[in-house]
Every structure is written in structure tokens, then in C-alpha cells.
Amino acid sequence: MNTHPLAGAAARLKVDIEQKSFRSSNGGTIDVLHNLRFEVAQNEFACILGPSGCGKTTTLRILLGLERDYRGTIQLPGIAHARMGAVFQEPMLLPWRTVEQNVRLALPKDLRNTNLDSLFGQLGLSKMRAFYPAELSLGLARRAAIARALAIEPDILLLDEPFVSLDESTAQQLRHLLMSVWSERPTTALMVTHNLQEAIMLSDRIIVLSDRPAHVIGTFDIRLPRQYRNEQVKADLLRSFNEKFTAIRNVP
Ligand SMILES: Nc1ncnc2c1ncn2[C@@H]1O[C@H](COP(=O)(O)OP(=O)(O)OP(=O)(O)O)[C@@H](O)[C@H]1O
């Protein structure tokens with residue numbers, strides 16, 4: 001579990017990063033984020049969409065407190081310390097621990113004896129609790145990583161392309177599983193994705209970033225509840241998105 005001292009009383013996530021750059025190997029400067037400003041309301045599920053290399057992962061790393069060298073401010077949801085759940089492209093499970101042990105290790109003290117039956121059940125992991133990561137397919141390992149992030153009852157859930165490099169039917173199954181667990185206990189969520197269809201299926205709002213150095217070029221709000229987003233509705237949303245962001249040619 002990762003807690004972060006920048007939690008504020010307000011429940012929303014507020015990002016205001018004036019400047020984030022890296023030193024390149026040849027001694028130059030890579031400007032990654034410049035005046036990146038956005039907010040995510042309490043219990044909103046937002047997706048960040050943007051060109052490859054524009055700074056999406058860097059933004060999540062700043063929120064997680066893994067990158068501290070930047071100019072700007074962030075405010076995280078939560079009262080004193082934001083409880084942060086994170087899911088990365090790599091499941092990052094400890095290989096010498098079982099699925100259940102991996103999840104339990106992440107639990108804060110107040111949840112240490114929590115009953116995980118329902119969470120494992122919802123994610124289809126009931127029979128794999130005693131499995132070791134090497135015994136899991138990538139899809140199952142990702143489910144375990146999602147279980148670990150949600151088990152801590154996070155104030156904010158950060159997801160960095162959690163469905164990438166899965167076959168489409170496994171990815172779709174996982175998207176449905178994530179949504180069914182998240183809908184039961186909604187929390188403020190921010191997910192990085194390259195996949196516009198995925199963003200339209202999952203999110204309440206899509207935050208579209210420019211090329212590097214990244215700033216927000218616009219947001220796309222989807223107010224319609226997810227259960228009404230059938231294929232026709234999703235196609236309409238896709239069309240409206242493309243009309244609004246005609247400049248973005250490289251999103252699928
Ligand atoms: N530790 C680092 N040192 C130097 N440069 C870095 C470092 N981390 C990231 N970068 C550079 O910063 C830029 C943004 O990287 P980042 O991973 O945040 O982009 P991204 O939008 O998540 O990319 P992708 O869509 O390909 O996953 C890239 O040019 C990357 O090479």
C-alpha cells in the first residue's frame with residue numbers, strides 16, 4: 001500500500017503540475033509535463049488518453065509519490081493520508097508469496113483481518129488464492145494485482161494500462177470484472193490507456209493530453225450510466241469524441 005501525505009479534506013483529485021522534466025543521457029533536458037492541470041471528482045472514474053511518450057506514466061508516478069522532482073501541486077482525495085491502490089502493466093507480484101499472501105501483505109493494519117472471500121469471488125480468483133504467481137496466466141496475475149489494489153479500500157485507484165498485451169476477450173472480461181467490483185465500492189479512479197474504446201466503456205470522463213510536454217487539450221464527459229452504453233451508444237460516443245478531437249489522429 002502507498003499512502004501519500006498530500007491528501008486534502010476535499011475528496012477530489014486536483015493536479016496542477018507546472019513543470020516536470022528529466023535529464024537525458026546526453027545532458028539535455030526532456031520536458032515532459034508543462035502546465036498539466038485537471039481534476040477528478042470524488043468517485044469519478046477518469047481516463048487519461050494521450051500520444052505515446054507524452055508523460056502519462058510520469059503523471060501517475062508523481063501522484064504515487066515516486067517522482068518528487070517537479071514544480072507544481074497535487075491534492076489527493078482522502079482525509080489525512082490518501083490510501084492509494086495502483087495497478088501497473090506488470091502485475092508485480094512477489095513470486096515467493098501466494099496470491100492471497102500478496103494481497104494480504106498490502107493491507108493496512110485496520111484491514112488486516114478483513115474477509116477477502118467476496119473480492120476474490122468477484123474477480124474469479126477463489127480457486128487461485130493458494131497459487132503462486134508463476135502458476136498464473138498474465139490475465140490471472142493482472143486480476144490478482146487488481147485484487148491487491150482494491151483490497152486496501154483505496155481513496156484513489158491509479159491504473160496504468162492494466163489491460164495491455166492481453167488478448168481482446170481476456171481484456172474485455174477483465175474490464176467487466178473491474179467495473180463490477182469498482183461499482184460496488186466506487187472510489188476516485190484514474191486510468192492511463194491508449195485505447196479509446198476502453199476509455200468510452202469505462203470512464204465518466206476522458207482527459208486528453210497533448211504531445212510532450214503534455215498539457216490537457218480537452219476533456220470528454222460521459223454522463224450516461226455504463227449499463228446504457230450498448231454498442232450503438234458507444235459508436236455514437238466514439239463519433240462525438242472524434243468530432244471534438246479531430247486533431248488527435250493517433251488514437252485507435
Ligand atoms: N527516469 C527517466 N529519465 C529520463 N527520461 C524519462 C524517464 N522516465 C520517463 N522519461 C521520458 O519521459 C517521457 C514520458 O515518459 P512516460 O513514460 O511518462 O510517457 P507515457 O505517455 O506514459 O508513454 P507510453 O504511452 O509510451 O507508455 C518519455 O520521453 C520518456 O522517455
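Reader: Taking the expected span of a helix as 1.5 Å times one less than its number of residues, how far does α4 reach from its first C-alpha to its last?

Author: This is a predicted model, in which local features need pLDDT of at least 70, side-chain atom pairs count only at pLDDT 80 or more, and totals for chains, interfaces and linings use all residues. Residues are numbered from 1 along each chain as its sequence is written. Helices (H or I, at least four residues) and strands (E, at least two) are DSSP runs, numbered from the N terminus. With its 14 residues, α4 comes close to the expected 20 Å, for its reach is 20 Å.

Reader: Which elements do the buried residues of α4 pack against?

Author: A residue is buried if 20 or more other C-beta atoms lie within 10 Å of its own, with C-beta atoms placed from the backbone. Since 12 of the 14 residues of α4 are buried, the helix is largely enclosed by the rest of the structure. Contact requires C-beta atoms within 7 Å, and the partners of these buried residues are β6, α2, α3, β7 and α5.

Reader: Which element gives the most to the shell around the ligand?

Author: The shell, for which a C-beta atom must lie within 6 Å, includes F22, K56 and R212. Two or more residues each come from β3 and α1. The most, 3 residues, come from α1.

Notes: Expected span 1.5 Å × (residues − 1). Contact = placed C-beta atoms within 7 Å.
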